[in-house]
Amino acid sequence: MSDAFDDEAEQTVSIQEYLKGVEEQELEADLVLGGDEGKECTYINGYMKRQAIFSCLTCTPDGNAGVCTACSLSCHDGHEIVELWTKRNFRCDCGNAKFGEFFCKLFPNKDIENAENLYNHNFRGSYCTCSRPYPDPDVEEQEEMIQCCICEDWFHEEHLGLESSDEVPRDEEGEPLYEDFICRACSTGFSFLGSYPLSIWAAGRQCDATVDTNKDKNVLEDTSSAGGSGKVKNDVDAHNNPEIDHTKSNSELACDGDGTSLGENSQNNVGSDQCVRTSSPLTTCVLGVKPENTSPALENKPLFLSKNWRDVLCRCEKCLVIYNEKRIAFLLDKEDSIAEYEKMATQKRTEKLQEREGAELSLFNNLGHIEKMEILNGIADMKNEIHGFLGQLPCY
C-alpha cells in the first residue's frame with residue numbers, strides 16, 4: 001500500500017509547475033512557428049526566407065510538396081502530417097497541381113507549381129543517412145538529431161561520420177559549443193569551406209585539417225569588419241539552396257561538374273542575372289588561396305561552426321561569384337540562421353503577450369467601479385478556495 005502512495009506522490013504536480021510546463025510548450029511552439037498564428041496562408045508572401053513547413057502524406061504520399069502552418073491546420077486537419085520544423089526560401093504548395101483535385105481553402109488561386117521549391121527525403125518522413133522516421137516507432141528512447149545548415153537534413157549523432165562522440169564540441173555539462181553544423185556530404189561537396197582559418201570552427205573540433213593556423217588574426221579581424229555585419233542583400237536567395245539526398249553515397253551525389261551538389265529542380269535555380277550584391281566587396285581574399293583547392297583531410301568530415309562564423313566568410317568578388325555558382329550564398333546572410341529566426345519569434349511572442357496584457361488592462365479600466373470590485377472580489381475568493389483545497393490535501 002505504501003508503494004501505491006509513493007507512486008501517487010511522485011505523480012503530483014503543483015499548479016506552478018503545470019503553468020510553467022504550459023508556458024514552456026507555448027514558447028517552444030512559437031520558436032518553431034516563428035510567431036505565425038496560423039490564420040493566413042503564406043503563399044502571398046512568396047518564397048519566404050524561413051518558415052515552418054509541413055508535408056501532408058495523405059495528399060502527397062510521394063513527399064514532393066510542403067504546406068504552411070495555416071494550411072496544415074485548415075486544409076489538412078486529420079491528415080497524416082509530417083512536421084519539418086523550418087525550411088528556407090519555400091513557398092506554400094497547398095492546392096497546386098501536386099494535390100490533384102484538392103484546392104486550398106485559404107488561398108485557392110495559386111500557380112500550378114512552385115518551381116523554386118526544393119525537396120528532400122524529409123518530406124517523406126525520413127531523416128539522416130539511415131532514412132528513419134522521427135519519432136522512430138522502433139526506438140524506445142528518441143535520440144536528439146542535429147540539422148545541417150546547408151542541406152537542412154537531420155542526422156543522428158552516431159551517423160555523423162565521427163570516430164567518437166567526443167568529437168562533437170560540448171561543454172562539461174554536455175551543452176553544444178557550436179552554433180551551426182555542416183554534414184559530411186555537404187562538407188565534401190563544398191570542401192573549400194575547410195580552407196577558412198580555425199577561428200571559424202567550434203572549440204573541440206578534432207580534425208587533421210591542413211589549414212594555416214599562423215594567419216594573422218589582425219588581418220582577419222580587419223577584413224571581417226570591412227565586410228560589415230555579415231548581412232548581404234540577396235534578391236535571389238531562393239535560387240541558392242541546395243538539397244542533397246543523403247540516402248545515397250557521396251559518389252552518387254548529383255553534381256554539376258565542379259563539385260556543386262544539386263537537388264530536385266536545381267536546374268531552375270540559377271539564372272544568368274543572379275548574383276549576390278554587396279555595397280563594398282572586399283578586394284583582399286580572406287582565404288588567401290584558391291577556393292577550389294581542397295584539403296584531403298577535410299573530406300568526409302562533418303564541420304562544427306563557432307558563434308558568428310558567418311562574419312568570417314570572405315566577401316571578395318571572386319568568393320561571391322563562387323558562393324553564387326555553388327548556390328550557397330545564403331550562408332553569407334546572418335538572418336538565414338536558426339538563431340536569428342528564433343530571435344525574431346521570441347520578439348513576436350513578447351509583443352503578442354504585451355498586446356494581450358494591454359487589451360486585458362484596457363478592458364478592466366473601461367469597466368465601472370462596481371464591475372471592478374466584483375472581479376477583484378471573485379479573484380480573492382478563488383484564491384482562498386484554492387488555498388483551502390490545497391490545505392486539505394494529505395502530506396506524504
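## Salt bridges, cysteines and backbone features of a predicted model

Both lysine 301 and glutamate 167 are buried in this predicted model. Their side chains meet in a salt bridge, with N and O 3.6 Å apart. The pair links distant parts of the chain. Lysine 301 lies in the loop between helix H5 (217-226) and strand S6 (303-305). Glutamate 167 lies in the loop between S4 and S5. The two residues are 134 residues apart. Salt bridges that share partners also join Arg50, Arg88, Glu152, Asp180, Arg310 and Asp336 into one network. The structure holds 12 salt bridges.

A further salt bridge joins glutamate 157 to arginine 170. Its closest N and O atoms are 2.1 Å apart. Glutamate 157 and arginine 170 both sit in the loop between strand S4 (154-156) and strand S5 (180-182), so the pair ties together parts that are 13 residues apart in sequence. Glutamate 157 counts as partly exposed because its relative accessibility is 22%. Arginine 170, at 33%, is likewise partly exposed.

Arginine 132 forms a salt bridge with aspartate 138. Here the closest N and O atoms are 2.8 Å apart. Arginine 132 has 29% relative accessibility and therefore counts as partly exposed. Aspartate 138 reaches 63% and so counts as exposed.

The protein chain has eight helices and six strands. Read along the sequence, their pattern is α-α-β-α-β-β-β-β-α-α-β-α-α-α. Of the 396 residues in the protein chain, 41% are buried. Contacts between residues at least 6 apart in sequence were also examined: 76% of them join residues at least 24 apart. The protein chain exposes about 22300 Å². Carbon and sulfur atoms supply 49% of that area.

Strand pairing is illustrated by S1 and S2. Strand S1 (residues 48-56) and S2 run antiparallel and are joined by seven bridges. Cysteine 56 has isoleucine 81, in S2, as its bridge partner. Strand S2 (residues 81-90) is mostly covered, with eight of its 10 residues buried. Tryptophan 85 is found in strand S2. Its relative accessible area is 18%, so tryptophan 85 counts as buried.

Tryptophan 85 also stands out in its backbone. Most residues other than glycine have a negative phi, and most peptide bonds are trans. Tryptophan 85 is not a glycine, yet its phi is positive, at about 60°. Arginine 327 also has a positive phi, near 60°. Arginine 327 is found in the loop between helix H6 (317-325) and helix H7 (338-365). With a relative accessible area of 12%, arginine 327 is buried.

The peptide bond between tyrosine 134 and proline 135 is cis, with omega at about -5°. Proline 135 is placed in the loop between S2 and strand S3 (145-147). Proline 135 counts as exposed because its relative accessibility is 53%. Glycine 125 is 10 residues from proline 135 in sequence. Their C-alpha atoms are 9.5 Å apart in space.

The cysteines were examined for disulfides. With a cut-off of 2.5 Å between cysteine sulfur atoms, the count comes to zero disulfides. Cysteine 41 is in no disulfide, and the nearest cysteine sulfur, that of cysteine 71, is 3.7 Å away. Cysteine 41 is buried, with a relative accessible area of 7%. Cysteine 186 is in no disulfide either. The nearest cysteine sulfur to cysteine 186 belongs to cysteine 183, 3.6 Å away. Cysteine 186 is buried, with a relative accessible area of 0%.

The surface carries a nonpolar patch of about 420 Å². Met373, Ile375, Leu376, Ile379 and Met382 make this patch. Isoleucine 379 is found in helix H8 (residues 369-392). Its relative accessibility is 38%, so isoleucine 379 counts as partly exposed.

Terms used. Residues numbered from 1 in each chain as written. Predicted model: local features only at pLDDT ≥ 70, side-chain atom pairs only at ≥ 80, totals over all residues. Heavy atoms only, no water. Patch = residues over 30% accessible without salt bridge, like charges linked within 9 Å, V, L, I, M, F, W, Y side chains within 5 Å. Areas by Shrake-Rupley, 256 points an atom, 1.4 Å probe, with all protein chains shown as cover. Salt bridge = Lys/Arg side-chain N within 4 Å of Asp/Glu carboxyl O. Helix = DSSP H or I, 4+ residues; strand = E, 2+ residues; numbered from the N terminus. Buried < 20%, exposed > 50% of the residue type's maximum accessible area, 1.4 Å probe, protein only. Contact = heavy atoms within 4.5 Å. Pairing = 2+ DSSP bridges.
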